[in-house]
Amino acid sequence: MKMNLKNSLLVISVASFFAISCNVLSQEPKSAVSSDHVIYNERTSQIALNGLYSQLQNGNYYGGNLLVLGDVSSDISQSVGTWDFYRAMDTYTTNVGNLEVEDFWEQAYATINQANNIIAKVPPLDNVSQETKDQILGEAYFIRALAYFDLNRAFGGVEGVYGSMGVPLVLQPTNTITENSFPSRPSINKTYAQVESDLKQAIELLSGSSTPTRASEAAAKALLSRLFLYYQQDYGLVEKYATEVITAYDYQLLEDYASIFISEETAGSIFELSFTASDQSDIRFWYFPPSLGGRADIALHQSFVNLLQSRVNDERAKLIAFDDGVGVYYPTKYQKVSGKDNVIILRLAEMYLNRAEARTRKESPDLNGALSDLNIIRNRAGLADTTGAGVDTAREILDAIALERSIEFFEEGHRWFNLVRTERAMTVLNGIDRKNSGPVSLNEAGRQVWPIPQREIDANKNIEQNEAYN
């Protein structure tokens, strides 16, 4: 069984007012208490905001599931245990009833619904200062943008690569069932446009860079950099926002790569979620062996281990371990007992790689600038510069950046989405060796997006299923 996060009673009592039932887009809240009675002053607004972060922390979202899905669907990790739902994602045989996909969908929309409540209820309050309102609303807009970004890249895809339909946009609190409770799917670009709008609203409301465990102006710019690179291909804006994050704040790349994960709220962290022994993530549980308190359902692909170990002096190769009992390698970025590692969503290294890729892809490429950014990341990992033969064309530099991303961000859920958006999923995910079966391949283009949960389709006749799952 999956582990459940243990949130404080206070957060649960508030979050439950916004919780939504099986069909997250159409059914009434589980609690009969109206949200009008929840957010009525500064204290209850702050409690609701804390509950919003708890929604992100949930084991079905950034507390584990999204990161595992992003790696197990790629060539980084594989399912070696008994959990059928991750194995189906690993072998590209998933269907509309996949519990892990369903849980992620529902949790992301629960997060959106709570953000919607805050965005709707805080502005009219006359007993809260405008400065406090701006901070609360800015954080809510950022988190709503993040949730729609994650949903759209998973279920919508990438315009021009695969996918044309976005995920349903619900921008008002779901309190009762009305005709608006059964939204259809807009274009994929309309959903990404909503992400952009929310992030720009967050930037207007937030200022500077605060603690990494809270949404900030810098975090919104960092996510815009990712959005424009991954899905809107505006490379000038990618470079602009990445550069602002790199230069306008106090972030720094840590010399010791492992300390990014061992420590908390480091100088290289832009946005992370805080976990404790009583409010823990599931990531370690899924990867670590039973001898260390884990389940060992998810392991690293041996081909990826071979890649890491072939890179002499690469500090990142040290963050894996071998378990004799299960006979597999597993990642150790998140290794604290009881799953109390903070989970990093945005960090400075990505800004350098985003800028490197943008500089390579833009109309007037800056290949020297791209290599400079790439080598900053390599040098921090203990590697020499990449120069000369092999990286003297834009295509070769893009390949080098893609390789560096796969190593820099393993166990962080990025790989699948990067393969899809760069049109490499169908070629890279071909004949991938697995421990418990023969090689697997992604043979169907439609499986570059995940299935809309069947019970969502059943409850809302206006939602169209992704074609590979009809």
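Mentor: Helices and strands are DSSP runs, helices of at least four residues and strands of at least two, numbered from the N terminus. Keep in mind that we are looking at a predicted model.

Trainee: How many helices and strands does the chain have?

Mentor: The chain comes to 18 helices and 6 strands. Its radius of gyration is 21 Å, close to the 23 Å that the globule rule gives for 470 residues, so the chain is as compact as a globular protein of that length. Along the principal axes, the C-alpha atoms fill a box of roughly 65 × 45 × 45 Å.

Trainee: What share of the residues is buried?

Mentor: Buried means under 20% relative accessible area. By that cut-off, 62% of the 470 residues are buried. The chain still exposes about 17,300 Å², with carbon and sulfur atoms supplying 48% of that area.

Trainee: And how should I read contacts along the sequence?

Mentor: Take contacts between residues at least 6 apart in sequence: 72% of them join residues at least 24 apart.

Trainee: Which residues have the most contacts inside the largest nonpolar core?

Mentor: That core has 137 residues, and those with the most contacts inside it are Phe104, Phe142, Leu151, Phe155, Phe271 and Trp450. Helix H6, residues 130–155, gives the most to this core, with 14 residues.

Trainee: Which residues does Phe271 touch?

Mentor: Leaving aside residues up to four places away in sequence, its partners include Tyr53, Leu56, Phe142, Leu146, Pro212, Arg214, Ile344 and Leu346.

Trainee: How many positive and negative side chains are there?

Mentor: There are 41 positive and 59 negative ones, and the centres of the two sets lie 1 Å apart.

Methods
Residues are numbered from 1 along each chain as its sequence is written. This is a predicted model: local features need pLDDT of at least 70, side-chain atom pairs count only at pLDDT 80 or more; totals for chains, interfaces and linings use all residues. Side-chain values use heavy atoms; hydrogens and water are left out. The radius of gyration is taken over C-alpha atoms; the globule rule is 2.2 Å times the number of residues to the power 0.38. Buried means under 20% relative accessible area, exposed over 50%, partly exposed in between (1.4 Å probe, protein chains only). Contact means heavy atoms within 4.5 Å. Accessible areas come from the Shrake-Rupley method with a 1.4 Å probe; for residues, only the protein chains shown count as cover. Lys and Arg count as positive and Asp and Glu as negative; His and the chain ends are not counted. The place of a charge is taken as NZ of Lys, CZ of Arg, CG of Asp or CD of Glu. A nonpolar core is a set of buried Ala, Val, Leu, Ile, Met, Phe, Trp, Tyr and Cys residues joined through side-chain atoms within 4.5 Å.
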